[in-house]
Amino acid sequence: MQDKITRLFKAISDPTRRDIFHALVIATSALSISQISNQFDMTRQGVTKHIKTLEEAGLLKIQIQGRERFCLAQPNELEAINKWLKFYEQFWDDHLDRLGDYLDHQT
Amino acid sequence: MKDLITKEAHFNHPIEKVWNAISKAEEISTWFIKADFKAESGYHYTFIASQKNDCVNITGVVIEATPYTLIYTWIVAHTEVETTVKWELEATDNGTRLYLEHSGISKYKGDTAIKMFESFNGGWAGCMTELSDYLKKLVNAG
(Lines give C-alpha, C1' and ligand atoms only; values in the text may rest on other atoms or scores of the structure.)
Protein backbone atom coordinates (compact mmCIF):
# COMPACT_ATOMS: atom_id res chain seq x y z
CA MET A 1 0.00 0.00 0.00
CA GLN A 2 1.33 3.37 -0.96
CA ASP A 3 1.10 6.30 1.36
CA LYS A 4 0.07 9.77 0.39
CA ILE A 5 3.45 11.42 0.07
CA THR A 6 4.82 8.49 -1.94
CA ARG A 7 1.89 8.82 -4.33
CA LEU A 8 2.58 12.53 -4.62
CA PHE A 9 6.21 11.93 -5.49
CA LYS A 10 5.29 9.22 -7.96
CA ALA A 11 2.78 11.50 -9.63
CA ILE A 12 5.20 14.36 -10.11
CA SER A 13 8.22 12.23 -11.00
CA ASP A 14 7.14 11.92 -14.64
CA PRO A 15 7.84 14.95 -16.87
CA THR A 16 4.68 14.51 -18.98
CA ARG A 17 2.53 14.35 -15.85
CA ARG A 18 4.26 17.45 -14.51
CA ASP A 19 3.44 19.24 -17.78
CA ILE A 20 -0.19 18.13 -17.66
CA PHE A 21 -0.46 19.18 -14.04
CA HIS A 22 1.13 22.52 -14.85
CA ALA A 23 -1.29 23.07 -17.75
CA LEU A 24 -4.20 22.38 -15.40
CA VAL A 25 -2.84 24.73 -12.75
CA ILE A 26 -2.51 27.65 -15.15
CA ALA A 27 -5.83 26.92 -16.90
CA THR A 28 -8.51 29.18 -15.53
CA SER A 29 -11.13 26.43 -15.71
CA ALA A 30 -11.24 22.65 -15.74
CA LEU A 31 -9.92 21.00 -18.91
CA SER A 32 -11.52 18.02 -20.58
CA ILE A 33 -9.61 14.88 -21.44
CA SER A 34 -10.06 15.81 -25.14
CA GLN A 35 -8.58 19.27 -24.60
CA ILE A 36 -5.58 17.78 -22.81
CA SER A 37 -5.11 15.15 -25.56
CA ASN A 38 -5.09 17.86 -28.21
CA GLN A 39 -2.76 20.14 -26.29
CA PHE A 40 -0.22 17.39 -25.65
CA ASP A 41 -0.70 15.52 -28.91
CA MET A 42 -1.42 12.34 -27.00
CA THR A 43 -4.07 9.66 -27.26
CA ARG A 44 -7.03 9.83 -24.89
CA GLN A 45 -5.83 6.55 -23.42
CA GLY A 46 -2.40 7.99 -22.68
CA VAL A 47 -3.87 11.08 -21.07
CA THR A 48 -6.36 9.03 -19.06
CA LYS A 49 -3.55 6.96 -17.57
CA HIS A 50 -1.63 10.04 -16.43
CA ILE A 51 -4.81 11.67 -15.15
CA LYS A 52 -5.55 8.60 -13.05
CA THR A 53 -2.12 8.74 -11.39
CA LEU A 54 -2.55 12.45 -10.69
CA GLU A 55 -6.03 11.85 -9.31
CA GLU A 56 -4.79 9.08 -7.01
CA ALA A 57 -2.23 11.48 -5.60
CA GLY A 58 -4.98 13.99 -4.94
CA LEU A 59 -3.48 16.46 -7.39
CA LEU A 60 -6.64 16.81 -9.44
CA LYS A 61 -10.35 16.21 -9.29
CA ILE A 62 -12.41 14.77 -12.13
CA GLN A 63 -15.87 16.14 -12.80
CA ILE A 64 -18.17 14.34 -15.20
CA GLN A 65 -20.35 16.56 -17.37
CA GLY A 66 -22.41 14.75 -19.93
CA ARG A 67 -20.11 12.44 -21.87
CA GLU A 68 -16.94 14.34 -21.11
CA ARG A 69 -14.70 14.24 -18.08
CA PHE A 70 -13.16 17.47 -16.85
CA CYS A 71 -9.99 17.76 -14.75
CA LEU A 72 -9.40 20.42 -12.13
CA ALA A 73 -5.99 20.88 -10.51
CA GLN A 74 -5.67 20.60 -6.72
CA PRO A 75 -2.26 22.19 -6.14
CA ASN A 76 -2.71 22.52 -2.38
CA GLU A 77 -1.80 18.87 -2.03
CA LEU A 78 1.82 19.75 -2.72
CA GLU A 79 1.87 21.85 0.42
CA ALA A 80 2.79 18.91 2.66
CA ILE A 81 5.98 18.16 0.75
CA ASN A 82 6.87 21.81 0.46
CA LYS A 83 6.51 22.46 4.15
CA TRP A 84 8.67 19.48 5.03
CA LEU A 85 11.40 20.52 2.65
CA LYS A 86 11.23 24.16 3.68
CA PHE A 87 11.47 23.29 7.34
CA TYR A 88 14.58 21.19 6.93
CA GLU A 89 16.17 23.48 4.34
CA GLN A 90 16.04 26.24 6.92
CA PHE A 91 16.92 23.91 9.77
CA TRP A 92 20.14 22.81 8.11
CA ASP A 93 21.04 26.31 6.90
CA ASP A 94 20.74 27.59 10.46
CA HIS A 95 22.73 24.76 11.94
CA LEU A 96 25.53 24.89 9.40
CA ASP A 97 25.81 28.60 10.26
CA ARG A 98 26.05 27.64 13.90
CA LEU A 99 28.67 25.04 13.08
CA GLY A 100 30.68 27.72 11.27
CA ASP A 101 30.43 30.08 14.24
CA TYR A 102 31.37 27.29 16.59
CA LEU A 103 34.47 26.39 14.57
CA ASP A 104 35.50 30.05 14.31
CA HIS A 105 35.26 30.64 18.05
CA GLN A 106 36.61 27.35 19.26
CA THR A 107 39.85 27.75 21.15
CA MET B 1 10.31 17.62 -7.30
CA LYS B 2 13.20 16.33 -5.29
CA ASP B 3 13.11 14.00 -2.33
CA LEU B 4 16.36 15.24 -0.96
CA ILE B 5 17.94 18.20 0.75
CA THR B 6 21.58 18.89 0.01
CA LYS B 7 23.78 21.54 1.58
CA GLU B 8 27.34 22.51 0.97
CA ALA B 9 29.53 24.65 3.17
CA HIS B 10 33.18 25.57 3.37
CA PHE B 11 35.02 26.19 6.61
CA ASN B 12 38.51 27.65 6.95
CA HIS B 13 39.45 24.97 9.42
CA PRO B 14 41.30 21.68 9.15
CA ILE B 15 39.29 18.59 8.34
CA GLU B 16 40.06 16.91 11.67
CA LYS B 17 38.59 19.82 13.58
CA VAL B 18 35.38 19.80 11.53
CA TRP B 19 35.15 16.01 11.85
CA ASN B 20 35.36 16.25 15.62
CA ALA B 21 32.68 18.94 15.65
CA ILE B 22 30.18 16.72 13.83
CA SER B 23 31.08 13.38 15.40
CA LYS B 24 31.95 13.94 19.07
CA ALA B 25 29.03 14.09 21.51
CA GLU B 26 30.53 16.90 23.55
CA GLU B 27 30.98 19.10 20.50
CA ILE B 28 27.66 18.18 18.86
CA SER B 29 25.99 19.21 22.11
CA THR B 30 27.61 22.63 21.88
CA TRP B 31 26.58 23.79 18.43
CA PHE B 32 23.81 21.38 17.42
CA ILE B 33 21.65 19.45 19.84
CA LYS B 34 22.45 17.92 23.24
CA ALA B 35 23.61 14.51 22.21
CA ASP B 36 24.21 11.00 23.42
CA PHE B 37 26.29 10.04 20.44
CA LYS B 38 29.20 7.88 19.41
CA ALA B 39 30.68 7.83 15.94
CA GLU B 40 30.54 4.04 15.82
CA SER B 41 28.63 2.03 13.28
CA GLY B 42 25.55 0.53 14.96
CA TYR B 43 25.43 2.99 17.87
CA HIS B 44 21.89 3.99 18.87
CA TYR B 45 22.16 7.69 19.44
CA THR B 46 19.77 10.22 20.93
CA PHE B 47 19.59 13.94 20.33
CA ILE B 48 17.96 15.12 23.50
CA ALA B 49 15.32 17.82 23.35
CA SER B 50 15.00 20.32 26.16
CA GLN B 51 12.67 19.29 28.95
CA LYS B 52 10.23 22.15 28.64
CA ASN B 53 7.12 22.15 26.44
CA ASP B 54 6.42 18.84 24.76
CA CYS B 55 9.74 18.50 23.09
CA VAL B 56 10.58 15.25 21.42
CA ASN B 57 13.94 13.63 20.91
CA ILE B 58 15.58 12.64 17.68
CA THR B 59 16.89 9.09 17.66
CA GLY B 60 18.60 6.88 15.15
CA VAL B 61 21.38 4.47 14.39
CA VAL B 62 24.84 5.30 13.12
CA ILE B 63 25.22 3.56 9.78
CA GLU B 64 28.70 4.68 8.86
CA ALA B 65 31.36 6.60 10.73
CA THR B 66 34.63 6.40 8.87
CA PRO B 67 36.59 9.59 8.51
CA TYR B 68 35.33 11.57 6.80
CA THR B 69 31.88 10.19 6.15
CA LEU B 70 29.19 10.10 8.82
CA ILE B 71 25.76 8.63 8.11
CA TYR B 72 22.94 8.14 10.58
CA THR B 73 19.21 7.56 10.47
CA TRP B 74 17.00 10.34 11.79
CA ILE B 75 13.75 9.51 13.52
CA VAL B 76 11.63 12.15 15.20
CA ALA B 77 10.16 10.58 18.32
CA HIS B 78 6.54 9.41 18.03
CA THR B 79 6.80 9.15 14.26
CA GLU B 80 7.32 5.84 12.55
CA VAL B 81 9.40 6.63 9.55
CA GLU B 82 13.09 7.32 9.40
CA THR B 83 15.04 9.61 7.15
CA THR B 84 18.81 9.58 6.64
CA VAL B 85 21.39 12.27 7.28
CA LYS B 86 24.78 12.03 5.62
CA TRP B 87 27.79 14.25 6.34
CA GLU B 88 30.83 14.16 4.09
CA LEU B 89 34.02 16.14 4.53
CA GLU B 90 36.69 16.87 1.99
CA ALA B 91 39.98 18.63 2.64
CA THR B 92 40.63 21.68 0.47
CA ASP B 93 43.66 23.95 0.06
CA ASN B 94 42.53 26.28 2.79
CA GLY B 95 40.11 24.26 4.87
CA THR B 96 37.28 21.77 4.64
CA ARG B 97 34.30 21.38 2.38
CA LEU B 98 31.21 19.86 3.97
CA TYR B 99 28.45 18.11 2.07
CA LEU B 100 25.23 17.41 3.90
CA GLU B 101 22.44 15.26 2.52
CA HIS B 102 19.07 14.62 4.16
CA SER B 103 17.10 12.02 2.24
CA GLY B 104 14.12 9.70 2.44
CA ILE B 105 11.57 12.40 3.04
CA SER B 106 9.03 10.78 0.73
CA LYS B 107 8.88 7.81 3.08
CA TYR B 108 6.92 9.92 5.52
CA LYS B 109 3.31 8.91 5.61
CA GLY B 110 0.94 11.75 4.85
CA ASP B 111 -0.66 11.71 8.29
CA THR B 112 2.69 11.48 10.04
CA ALA B 113 3.98 14.43 8.08
CA ILE B 114 0.94 16.49 8.94
CA LYS B 115 1.24 15.53 12.60
CA MET B 116 4.85 16.63 12.50
CA PHE B 117 3.96 20.03 11.14
CA GLU B 118 1.36 20.43 13.85
CA SER B 119 3.89 19.49 16.46
CA PHE B 120 6.13 22.30 15.20
CA ASN B 121 3.43 24.69 16.33
CA GLY B 122 3.50 22.98 19.69
CA GLY B 123 7.08 24.04 20.12
CA TRP B 124 9.13 21.33 18.50
CA ALA B 125 10.92 23.88 16.38
CA GLY B 126 11.74 25.83 19.50
CA CYS B 127 13.15 22.69 21.06
CA MET B 128 15.81 22.40 18.44
CA THR B 129 17.99 25.02 20.08
CA GLU B 130 17.54 28.52 18.72
CA LEU B 131 15.91 28.46 15.37
CA SER B 132 15.58 31.77 13.67
CA ASP B 133 12.45 33.87 13.88
CA TYR B 134 12.07 33.37 10.17
CA LEU B 135 11.60 29.66 10.64
CA LYS B 136 9.14 30.04 13.49
CA LYS B 137 7.09 32.42 11.38
CA LEU B 138 7.19 30.04 8.46
CA VAL B 139 6.02 27.11 10.55
CA ASN B 140 3.31 29.05 12.35
CA ALA B 141 2.03 30.47 9.10
CA GLY B 142 1.14 26.94 8.02
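Guide: Two residues are in contact if their C-beta atoms, placed from the backbone, lie within 7 Å. The structure discussed here is a predicted model.

Visitor: Which residues of helix 3 and helix 4 of chain A meet?

Guide: From helix 3 of chain A, A:I33, A:I36, A:S37 and A:F40 take part, and they meet A:R44, A:V47, A:T48 and A:I51 of helix 4 of chain A. By class, the residues of this contact are 5 nonpolar, 2 polar and 1 charged.

Visitor: Why are helix 3 and helix 4 of chain A called roughly perpendicular to each other?

Guide: Their axes come within 9 Å and cross at roughly 110 degrees. Angles of 65 to 115 degrees count as roughly perpendicular, and helix 3 and helix 4 of chain A are therefore described in that way. The crossing of helix 3 of chain A past helix 4 of chain A is right-handed.

Visitor: What makes helix 2 of chain A roughly perpendicular to helix 4 of chain A?

Guide: Helix 2 (residues 15–26) of chain A packs against helix 4 of chain A at an angle of about 75 degrees, and the axes are 10 Å apart. The range for roughly perpendicular is 65 to 115 degrees, so helix 2 of chain A is roughly perpendicular to helix 4 of chain A. In this contact A:T16, A:R17, A:I20 and A:F21 of helix 2 of chain A meet A:H50, A:T53 and A:L54 of helix 4 of chain A. The contact comprises 3 nonpolar, 3 polar and 1 charged residues.

Visitor: Why are strand 1 and strand 2 of chain B said to stand at the edges?

Guide: The open sheet of chain B has 7 strands in the order 1-7-6-5-4-3-2, with antiparallel pairing. Strand 1 (4–11) and strand 2 (35–36) of chain B each have a single partner strand, so one side of each is left without a neighbour in the sheet.

Visitor: How do you know that strand 2 and strand 3 of chain B pair?

Guide: At least two bridges are required for pairing. Strand 2 of chain B and strand 3 (residues 44–47) of chain B are joined in the antiparallel sense over 2 bridges. B:A35 has B:F47, in strand 3 of chain B, as its bridge partner.

Conventions. Residues are numbered from 1 along each chain as its sequence is written. Chains are lettered from A and ligands numbered from 1 in the order in which they are written. This is a predicted model: local features need pLDDT of at least 70, side-chain atom pairs count only at pLDDT 80 or more; totals for chains, interfaces and linings use all residues. Helices (H or I, at least four residues) and strands (E, at least two) are DSSP runs, numbered from the N terminus. Axes are lines fitted to C-alpha atoms, for helices over the stretch in contact, and angles run from 0 to 180 degrees between N-to-C directions. Angles under 35 degrees count as roughly parallel, over 145 as roughly antiparallel, 65 to 115 as roughly perpendicular and the rest as oblique. A crossing is left-handed if the near helix is turned anticlockwise from the far one by less than a right angle, and right-handed if clockwise. Ala, Val, Leu, Ile, Met, Phe, Trp, Tyr, Cys and Pro count as nonpolar, Asp, Glu, Lys and Arg as charged, and the others, Gly among them, as polar.
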